[in-house]
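Please keep the sequence and the model in view while reading.

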Amino acid sequence: LMSIALPAYDAYVIRGKRAEGRAMLMDAASKMEKHYSDCLRFGTAIAAAKDCAGNGVNICGAATCSSETGKYTLSLQNATATTYTVVATNTFIDTQCGVLSLRQTGEKCATSSAGEQCSTGSAAARDVVSNCWGR
């Protein structure tokens, strides 16, 4: 019985951890959009306070961001005045989904040992993203 119950429980726990990363990314994207409406461009660096002139965006009230329980750390990649990718890097082992990311277009991605899979990719990639983001 344990050989059936334990893997199912582990999968359940990991899905719960991913929810924290997804929530963190959605909140960060919302704050990036707010920054855009205030400054007429996206921020290019995480900052403790909004700084339109210096392109600093206040996502978490500090220069570095961690999720509520420390399961993910947040960063910006490829951030310009018109584009951004917010990235949630996992601090726990998640071989299926690993690092989660969200682009300004709404494209969702998951990067694991199999490489980056995005919601605008192949059917197999969309399935991976759906599993990582949808549950």
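## Disulfides

The S-S bond between cysteine 97 and cysteine 132 has a torsion of about -90 degrees, so this disulfide is left-handed. The pair ties together parts that are 35 residues apart in sequence, because cysteine 97 lies in the loop between β5 (85–90) and β6 (99–103) while cysteine 132 belongs to helix α2 (residues 123–134). The two sulfur atoms, S to S, are 1.8 Å apart. Helices (H or I, at least four residues) and strands (E, at least two) are DSSP runs, numbered from the N terminus. A disulfide is taken here as a pair of cysteine sulfur atoms within 2.5 Å.

The model is predicted: local features need pLDDT of at least 70, and side-chain atom pairs count only at pLDDT 80 or more, whereas totals for chains, interfaces and linings use all residues. Residues are numbered from 1 along each chain as its sequence is written, and side-chain values use heavy atoms, with hydrogens and water left out.

How many disulfides does the rule give? The count is 4. With the bonded cysteines of the chain numbered in sequence order, the pairing reads 1-2, 3-4, 5-8, 6-7. In general terms, a disulfide is a covalent bond between the sulfur atoms of two cysteines.

Another of these bonds connects cysteine 39 with cysteine 52, at an S to S distance of 1.8 Å. The link of cysteine 39 and cysteine 52 is left-handed, with -60 degrees about the S-S bond. Distant parts of the chain are linked by this pair: cysteine 39 sits in helix α1 (residues 2–39) and cysteine 52 in the loop between β1 (45–47) and β2 (56–58), 13 residues apart.

Cysteine 60 and cysteine 65 also form a disulfide, with their sulfur atoms 1.9 Å apart. The torsion about the S-S bond of cysteine 60 and cysteine 65 is about -85 degrees, so this disulfide is left-handed.

Buried means under 20% relative accessible area, exposed over 50%, and partly exposed in between (1.4 Å probe, protein chains only).

| Residue | Relative accessible area | Class |
|---|---|---|
| Cysteine 39 | 8% | buried |
| Cysteine 52 | 25% | partly exposed |
| Cysteine 60 | 36% | partly exposed |
| Cysteine 65 | 4% | buried |
| Cysteine 97 | 0% | buried |
| Cysteine 132 | 0% | buried |

## Sheet

An open sheet of 6 strands runs in the order β3-β4-β5-β6-β7-β8, and its pairing is antiparallel. Its edge strands, β3 (65–66) and β8 (115–118), each pair on one side only. Two strands pair if DSSP finds at least two bridges between them. Antiparallel strands β5 and β6 are joined by 4 bridges. Serine 101 in β6 stands opposite valine 87. Strands of a sheet pair through backbone hydrogen bonds, either parallel or antiparallel.

## Nonpolar core

A nonpolar core is a set of buried Ala, Val, Leu, Ile, Met, Phe, Trp, Tyr and Cys residues joined through side-chain atoms within 4.5 Å. The largest one contains 25 residues, and those with the most contacts inside it are Leu25, Met32, Ile59, Leu74, Leu76, Val86 and Leu100. At least two residues of this core come from each of α1, β4 (72–77), β5, β6 and α2. The most is given by α1, with 5 residues.

Which residues does methionine 32 touch? Not counting residues up to four places away in sequence, methionine 32 touches Phe42, Gly43, Val57, Ile59, Leu76, Tyr84 and Val86. Contact means heavy atoms within 4.5 Å.

## Loop residues

Leucine 40, in the loop between α1 and β1, has a positive phi of about 65 degrees although it is not a glycine. Leucine 40 is exposed, at 68% relative accessible area. Asparagine 78 lies in the loop between β4 and β5. Asparagine 78 is not a glycine either, yet has a positive phi of about 50 degrees; its relative accessible area is 61%, which is exposed.

The side chain of serine 67 reaches the backbone nitrogen of lysine 71 at 3.0 Å. This is a polar contact, a pair of N or O atoms within 3.5 Å; within protein, one must be able to donate a hydrogen and the other to accept it, and residues adjacent in sequence count only if both atoms are side-chain atoms. Leaving aside neighbours within four places in sequence, serine 67 is in contact with Glu20, Met24 and Tyr72.
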